[in-house]
Amino acid sequence: MPSHFLLMVLYALLVSVFFTALWRRERRDQVRLFLQLFLGLVVGALVVAWLMFPFPSGPPTPAP
Amino acid sequence: MSAPERKGASAAEPEGTPDRAWLAAGAALLVPGLGHLLLGRRARALLFAVLVLGALAVDVVLGGPLPYFEEGIINTLLTLASMGVGLPYFVLRMTGYHGEALSLGFEYGKAFIATAGLMNLLLVLDAWDIASGRKE
């Protein structure tokens, strides 16, 4: 399985391209919205992860 | 009654007729991108199909679930969102695919398939708007 981070980036990429194609027609607007969405999702997730780091959810679940 | 006297005669109607909107929305609901293809947006249709079906494919590759009504409101909502993918969801179900609950990517797959379904539901609305003349 790819890393969690790569999956998150792939998810952000899919969603960003989708909404860019859905909401914008002009190329310049598309680039701007894509960057806003993509960076917002990836950087936002990293910031939230960083803020949550001091609060672990508990001991890791044993592997089945 | 002659044609010009009819209420809502074609001259006064917007470009998109209700029939066309229903057809485009129905097609979009069945197959991702088909609604836009019928409306002549070929490149856009291809892109949307790749995005929605790609997200579904990621779910399958990760061993993610194919949600079906189970106990709880969350599972019901997840199932309805996933069914938004349209025919590919039901085709996958007919093949007997259920996902691998022990797969490390199971939960990630859940996010991808729900997103794929919700994206396609937005495409249905978009196709409706285009066909009814509300959007270019």
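1. Of the 136 residues of chain B, 39% are buried, a residue being buried if 20 or more other C-beta atoms, placed from the backbone, lie within 10 Å of its own. The model is predicted: local features need pLDDT of at least 70, side-chain atom pairs count only at pLDDT 80 or more, and totals for chains, interfaces and linings use all residues. Residues are numbered from 1 along each chain as its sequence is written, and chains are lettered from A in the order in which they are written.

2. Chain B has 6 helices and 0 strands, taken as DSSP runs (H or I of at least four residues for helices, E of at least two for strands) numbered from the N terminus. Along the sequence the pattern is α-α-α-α-α-α. Among contacts in chain B with a separation of 6 or more, 73% are between residues 24 or more positions apart; a contact requires C-beta atoms, placed from the backbone, within 7 Å.

3. Helix α3(B), residues 42–61, comprises 20 residues and spans 28 Å from first to last C-alpha, close to the 28 Å expected, that is, 1.5 Å times one less than its number of residues. Its buried residues are Ala45(B), Phe48(B), Leu51(B), Val52(B), Ala55(B), Leu56(B), Val58(B) and Asp59(B). Their cover includes α1 (4–23) of chain A, as well as α2 (34–38), α5 (87–94) and α6 (106–131) of chain B. Just after the helix, Gly63(B) adopts a positive phi of about 75 degrees.

4. In α4(B), the buried residues are Leu78(B), Ala81(B), Ser82(B) and Met83(B). The elements covering them include α5 and α6 of chain B.

5. Leaving aside residues up to four places away in sequence, Ala127(B) touches Ala24(B), Ala25(B), Ala28(B), Gly35(B), His36(B) and Leu39(B).

6. At the interface, 18 residues of chain B are in contact with 11 residues of chain A. Helices α3 and α6 of chain B each provide at least two residues of the chain B side. That side has 13 nonpolar, 3 polar and 2 charged residues, with Ala, Val, Leu, Ile, Met, Phe, Trp, Tyr, Cys and Pro counted as nonpolar, Asp, Glu, Lys and Arg as charged, and the others, Gly among them, as polar.

Key
A residue is buried if 20 or more other C-beta atoms lie within 10 Å of its own, exposed if 12 or fewer, and partly exposed in between; C-beta atoms are placed from the backbone. Two residues are in contact if their C-beta atoms, placed from the backbone, lie within 7 Å.
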